[in-house]
Amino acid sequence: MMGSVLLLSQILCLLFFHSHFQPSHSSSNFSSPVQLCPADQSLALLQFKASFSLMSSYPSRDQPKTVLWREGTDCCSWDGVTCNMKTGHVIGLDLGYSMLHGTLHSSSTLFSLHHLQKLDLSHNDFNRSFISSSFGQLLHLMYLNLNSSNFAGQVPPEISHLSRLKSLDLSYNILMLEPISFIKLAQNLTQLRELYLNRVNMSLVAPSSFMNLSSSLTSLQLRYCGLQGVFPFSLVKFKQLEYLDLGSNHFIGPMPDDFANHSRLAWLDLSGNSFQGHLPFSLGNLKQLSHLLLSGNKFTGQIPNRFSNLTQLIQLDLSNNKFDGKILSSLENLEKLNTLILYVNDFTGEIPDCLFNLTQLTTLDLSNNRPIPSQISRLSRLSELDLSHNLLNGTIPLSLFSMPSLWFLSLHNNHFSGCISPFLSNSLQYIDFSHNKLYGQIPPSVFKLEKLTVLILSSNDKLTGNISSVICKLKFLEILDLSNNSFSGFIPQCLGNFSDNLLVLNLGVNNFQGNIPSVYLERNSLRYLDFNGNQLKGVIPPSMINCVNLEFLDLGNNMIDDTFPSFLEMLPNLEVIILRSNKLHGSLKGPTANDSFSKLKIFDLSNNSLSGPLPTQYFNNFKAMMSVDQDMDYMRVINSYVYSVTMTWKGLKIEFTKIQIALTILDLSCNKFTGKIPESFGKLKSLKQLNLSHNNLIGYIQPSLGNLTNLESLDLSSNMLAGRIPQQLVDLTFLQVLNLSYNQLEGSRPLGKQFNTFEHGSYEGNLRLCGLPLKVKCNNGEGQQLPPSNFEKEDSMFEEGFGWKAVAVGYGFGFLFGVSRGYILFRTRKPAWFVKMVERGGHQNTKRLRRKNAPRNGGRRH
């Protein structure tokens, strides 16, 4: 019986398998499996990806993507790949944030994917590749995004062949768009709806060219493009615009007054230009406007009453203008407003009470306006409050510490006095009380703010006491600045092995003693370290080699007794090294790698006891000092903290509250360096200041220094330099300070250009020099320049010791006073001898000095 049942079940199984799984031979029912991705396109994708390496570290805080492509599988299932499900052709490729690194060549297999409709290569590193003309072959493209991927060079005109493009993003690369290419792009891309060209150099593009853009544009972003002139187009044509950003250009004149029919515009950013005059009446018609950003212009007059119509407004920034009158009570209609920024204007009267009925307000910046009403505490949702630059005095109101949602509080640059309150809201994450008159110790409650990320108490002078190691329990702290106070005791050693979050540690100009923290953990995030102006002793800890992200190092004005810390060459991101006024000794042996110090822009070893020849090999590695093609933006801003440095600049001690990338300084003065000036100095073409004074240098002044065409200050005084002053130095047309005093120079001094402006102090102490402004007249024929080779024979005499060191003793302090005085005099009036020369008709074509703008005040948020 059991055997019959088993046989029956086997027969049923066979029948079921035959009916369900055997192929049908009917042509109407037969269908072969579809190969979705053609083999040639799979191969093209694999070869394209294989041509790049992956970045070892990703610079952005955005999370990079992991792209997994496996050979032998259907490429339509791969990460970032989209296919046409009917044809199998690859029509979309999304490789944004994929950590790709390498050069994108015109022969890349990417350009064989002719059916692409969407291509996103944003936020990678293509190693300054040119944007290939081969992009023009991808005629089906409707979406092209190359944002922030390190492309360089000209935007090719072939981009204009992509007539189906609806969205084009070339922002935040190192690109230039020429007028002809832009005209072609504007005329041919008739379906374009989104155009993003932020940071693309368009300085040569005429404003009138923008009228050729598609009238269907909904989003246009042209921030930091170098555009100039009047407003570039009539808004009447672009009625579909929803997002318009022309910020940080050079537009002038009045703001256009043709907003009457722009019912769609929701975002308008004209900040950072030179617009002037009153705000237009028609601005009040933009009833869908949610963001209005007009900061950093020259607008005048009062806030228009019609602002009351902008009921959808979420963000209003009118800061850094010249608005006057009262802040209108009509702003109370803006019930959705959550960000109001009005700092640096000329408003008068009190802030209206109704402003504090804006219950949605989360960010309020009233800095550089006064007075501040007590009703501010009624803004219960306020999360960010900036009252900096207001001349506020007295103690800090306790009400500011009881606001339950407040996480950002800046009282920077006021006249607040008294102690810091111990009653701090636990919600505080950002505290900036710098540049006030606070005194006493830091209350322990500060170290209990569990979420604190920024603590800036600098420049209060009278803040005192020790810094407890409890501070190291602030695990989320990113910025700690206690500089320019009267703190004392030892620096807590735990600050060396702080959490991975710490980016800025500034304890400069206090009374700290003992050693520099000796332990720095691997993979720490520290980027800015300043212990300048304390009483620190010992050596620079070798464990600092673990600070691989360090960009700024200032240990100057201490009592460090050490040789030069050559291990610093292993820190690839260093841009500033300041070790001046310590007890460094020994020679500089030179780097062990060709890329050491390649990003260095400020190198200050002055006022030490370093000896031996100048380290030529180091100078050959200073690539950043060789490049004159540098961005003029400020060097670094971390979480609104702006790097600053105090330098001896043209003979005067100056604090640069914002360091410019273009501020390049090499100062090796007041040491015991010997030998000749290296010819390689002539490669450092971006140098603004070179100071080799008060050493034991011999030989002649290198003619190659004439290549330093950006140089503004040159000091070679108090050495043993001989021979003539090279005529090539006359070409340094930006030179404002020159000191060649107390050497053994001879012959006539060069004439022409800047050399007609330098007074006697620039040359004194060179007994064989002649010509104005010196008292010694030159004989006939003295003006002829001797070739450098004539001085080679003299070098041996100096190497044996000429006794010049004894002659130079005592000139250090005199030099500083003399240069400072000479610099100030020259900035205020022309030298008398020069005026007489001009009056006699000589050198009438002398060029005026290019005067640099004074550095702007720092400490503001950006």
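How many disulfides does the structure hold? There are four. Please keep in mind that this is a predicted model.

I will start with the cysteines. If you number the bonded cysteines of the protein chain in sequence order, they pair 1-2, 3-4, 5-6 and 7-8.

One of the disulfides joins C37 to C75, with an S to S distance of 1.7 Å. The torsion about that S-S bond is about 80°, so this disulfide is right-handed. C37 sits in the loop between helix 1 and helix 2, and C75 in the loop between strand 1 and strand 2, so the link ties together parts that are 38 residues apart in sequence. Both cysteines, C37 and C75, are buried.

Another disulfide joins C76 to C83, S to S 2.1 Å. The link of C76 and C83 has -95° about the S-S bond and is left-handed. C76 has a relative accessible area of 17% and C83 one of 10%; buried means under 20%, so both count as buried.

C770 and C778 also form a disulfide, with their sulfur atoms 2.0 Å apart. C770 is buried at 4% relative accessibility, while C778, at 28%, is partly exposed.

An open sheet of seven strands runs in the order 26-28-30-32-34-36-38, with parallel pairing. Strand 26 and strand 38 are the edge strands, each pairing on one side only.

Take strand 36, residues 511-515. Strand 36 pairs with strand 34 over three bridges, and G489 stands opposite F512 there. Strand 36 also pairs with strand 38 over three bridges, where G514 has L536 as its bridge partner.

Methods: Residues are numbered from 1 along each chain as its sequence is written. This is a predicted model: local features need pLDDT of at least 70, side-chain atom pairs count only at pLDDT 80 or more; totals for chains, interfaces and linings use all residues. Side-chain values use heavy atoms; hydrogens and water are left out. Two strands pair if DSSP finds at least two bridges between them. Helices (H or I, at least four residues) and strands (E, at least two) are DSSP runs, numbered from the N terminus. A disulfide is a pair of cysteine sulfur atoms within 2.5 Å. Buried means under 20% relative accessible area, exposed over 50%, partly exposed in between (1.4 Å probe, protein chains only).
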